[in-house]
Amino acid sequence: MAADTSKKAARLAKEIGAFVRAHGGSAEGQIAYIGEKGFRISLVGEDGGWGDLMAPSKEDAEQALEQAGVTVKESFDGEMADRVRTGPYEWTRMAGVQIGGPANPSNP
């Protein structure tokens, strides 16, 4: 089982490393348990780019962030959130109905 965990962590670390390189060379991360699906790793790059990915266990998430050299924050606090930079796509998706974006699709 430990070998399985380290393989998963290594794969995640590779993805996180690619994110870090694409977003300024450093990043902060935060791990959150989201139920049966596992643990969400939220990342904010030096340039304000952001993203997330899933880990099956907290151990995998912690190992991956450590291997990738990412600073782990206890919570996605205001300081971390303030660094996030969004573009037109995100604004349309987050509040599109309120600011004139496309309407939400109706339920069939």
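I started with charges: a search of the whole structure gave me 4 salt bridges (a side-chain nitrogen of Lys or Arg within 4 Å of a carboxyl oxygen of Asp or Glu). Before going on, I noted that this is a predicted model, where local features need pLDDT of at least 70, side-chain atom pairs count only at pLDDT 80 or more, and totals for chains, interfaces and linings use all residues. Residues are numbered from 1 along each chain as its sequence is written, and side-chain values use heavy atoms, with hydrogens and water left out.

**Salt bridges**

I looked at Glu28 and Arg83, whose side chains meet at 2.7 Å, N to O. Glu28 sits in strand E1 and Arg83 in helix H3 (residues 78-83), so this pair ties together parts 55 residues apart in sequence. For secondary structure I use DSSP runs, numbered from the N terminus: helices are H or I with at least four residues, strands are E with at least two. Glu28 is buried at 15% relative accessible area, while Arg83 is partly exposed at 26%. My cut-offs here: buried is under 20% relative accessible area, exposed over 50%, partly exposed in between, with a 1.4 Å probe and protein chains only.

Next I checked Arg40 and Asp52, a salt bridge with its closest N and O atoms 2.7 Å apart. Arg40 belongs to strand E2 and Asp52 to strand E3, so the link spans 12 residues in sequence. Arg40 is partly exposed at 35%, and Asp52 counts as partly exposed at 43%.

Then came Lys73 with Glu79, where the closest N and O atoms are 3.9 Å apart. Lys73 is buried at 17%, but Glu79 is exposed at 55%. Lys73, Asp77 and Glu79 are linked in a network of salt bridges.

**Sheet**

I traced an open sheet of 4 strands, ordered E3-E2-E1-E4 with mixed pairing (two strands pair if DSSP finds at least two bridges between them). E3 (50-55) and E4 (71-73) are the edge strands, each with a single partner, so one side of each has no neighbour in the sheet. Neighbouring strands are turned by 30 degrees against each other on average, direction ignored; the axes are lines fitted to C-alpha atoms, for helices over the stretch in contact, and angles run from 0 to 180 degrees between N-to-C directions.

E1 (residues 27-33) and E2 (residues 39-45) run antiparallel, joined by 7 bridges. Ile31 has Ile41 as its bridge partner in E2.

I stopped at Gly45, in strand E2, which is buried with a relative accessible area of 0%. Leaving aside neighbours within four places in sequence, Gly45 is in contact with Phe19, His23, Ser26, Ala27 and Arg83 (contact is heavy atoms within 4.5 Å).

**Core and H2**

The largest nonpolar core has 16 residues, and Ile16, Ile41, Leu43, Leu53, Leu65 and Val70 have the most contacts inside it. Such a core is a set of buried Ala, Val, Leu, Ile, Met, Phe, Trp, Tyr and Cys residues joined through side-chain atoms within 4.5 Å. Helix H1 (2-22), E1, E2, E3 and helix H2 (58-68) each supply at least two of its residues, and H1 gives the largest share, 5 residues.

In H2 I found Asp60, Ala61, Ala64 and Leu65 buried. They cover an arc of only 125 degrees around the axis, which puts them on the same side of H2 (the arc is that of the directions from the helix axis to the C-beta atoms). Just after H2, Gly69 takes a positive phi of about 75 degrees.
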